[in-house]
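User: I have not seen this one before. Can you walk me through the ligand site and the pocket?
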Amino acid sequence: MTDAMTVHVPVLFDEVMTAFAPLQGKRLVDGTLGGGGHTRGLLERGAADVIALDWDSAALVRCAHLVEEFGEKVHLVRAAYDTIPEVLAGPVLEKEISNGKNGIGALPAKVDGILLDLGFSSDQLDDVERGLSYHHDGPLDMRLGTHVKKTAADLMNSLREDELADVFYVYGEEPKSRVMARIAVKTRKENPFATTKDLFKLVEQVYPPKFGLKRAHPAARVFQALRVAVNDELAVLERALPAAAHCLKVGGKLAVISFQPLEERAVKAAFRRLCADELDVMGRVKTPAKFKMGKKVVPTEAEIARNPRARSAILRTLERLG
Ligand SMILES: C[S@@+](CC[C@H](N)C(=O)[O-])C[C@H]1O[C@@H](n2cnc3c(N)ncnc32)[C@H](O)[C@@H]1O
């Protein structure tokens with residue numbers, strides 16, 4: 001298999017490489033392997049090794065060729081990125097494809113860099129069976145991780161009306177969340193939700209086609225909300241950030257690419273907490289902060305023109321100082 005197996009174009013590629021430069025001899029974790037673009041870039045620029053995680057088995061299978069190409073320099077692990085400390089401590093229970101050895105062996109407990117490129121890959125979006133896109137009719141699934149139990153259809157058919165409204169409002173910032181939840185609960189009594197088309201039809205009941213939509217279709221918000229809920233994405237991210245930061249060596253960097261305001265706010269808040277000095281009861285600095293936040297980086301116009309998926313991307317970095 002080759003990179004032709006993926007249609008995913010890595011976002012903020014040069015900026016990520018620069019964030020970790022110089023790469024010579026560094027040990028890195030790519031917590032979101034996806035189509036393997038960033039992992040490949042890190043290896044080609046001299047990283048000593050990359051431990052690449054994805055909670056989707058399909059991503060590991062798609063990137064198996066990296067193991068053939070880079071041998072012991074790359075370890076592919078099926079795991080969620082909030083388990084980076086456990087993966088680094090080993091033994092790795094969920095390992096699926098490695099470098100051919102039986103087990104990863106003694107991986108370093110601390111690394112020079114960790115990358116999290118949040119969300120889903122274009123490969124997952126294009127997979128009709130995942131039900132991530134309102135452009136295709138497929139099962140209303142939305143599970144990114146192979147281990148996630150409940151599908152989007154399960155949530156649509158089982159959550160209470162107020163819970164559904166909260167999902168639409170909190171994770172999708174959907175202004176008509178309450179009315180949408182009310183219609184959903186009424187609809188599912190007769191016709192349980194099963195397909196992406198069923199969900200799209202619900203959105204159209206609230207925003208009829210004649211509504212005159214100028215911006216992104218509201219279905220994008222509703223699909224995002226359900227995907228975040230199905231995969232518990234925010235909770236995983238909030239657990240992962242401090243855990244990952246503490247896996248860095250002094251001088252090491254954590255780089256996170258977010259795509260939605262919701263994720264971006266969570267990343268900024270977590271980084272701010274990590275960058276705060278510890279104060280005593282008198283408000284004096286007891287322990288100076290061990291981390292420093294870098295400036296946020298956004299894609300160039302040229303990148304957005306080449307890859308519109310990059311338009312909402314924001315890269316934030318955190319460096320370990322002590
Ligand atoms: C935007 S893609 C990464 C693309 C990758 N950087 C590249 O260059 O091809 C996000 C990937 O992260 C994975 N992912 C999302 N949340 C995850 C989590 N909590 N743990 C592990 N993998 C996750 C998804 O399955 C998806 O493959």
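Predicted model: local features only at pLDDT ≥ 70, side-chain atom pairs only at ≥ 80, totals over all residues.

Analyst: Residues are numbered from 1 along each chain as its sequence is written, and side-chain values use heavy atoms, with hydrogens and water left out.

User: How many residues surround the ligand?
Analyst: There are 24, and the closest are His38, Asp54, Tyr81, Asp117 and Gln124.

User: What is the shell made of, by class?
Analyst: It has 9 nonpolar, 11 polar and 4 charged residues. Ala, Val, Leu, Ile, Met, Phe, Trp, Tyr, Cys and Pro count as nonpolar, Asp, Glu, Lys and Arg as charged, and the others, Gly among them, as polar.

User: Which polar backbone atom is 2.9 Å from a ligand oxygen?
Analyst: One of Gly35. For Gly36, a backbone N or O atom lies 3.2 Å from an oxygen atom of the ligand.

User: Now the lining of the largest pocket. Which helix supplies the largest share?
Analyst: Helix 11, with 6 residues; helices here are DSSP runs (H or I, at least four residues), numbered from the N terminus. Helix 11 spans 218–230, and helix 6 (122–126), helix 8 (161–172) and helix 13 (261–274) also each supply at least two residues of that lining.

User: And the classes in the lining of the largest pocket?
Analyst: That lining has 16 nonpolar, 10 polar and 10 charged residues.

Definitions and conventions. Near = heavy atom within 4 Å. Polar contact = N/O pair within 3.5 Å; in protein donor to acceptor, adjacent residues only side chain to side chain.
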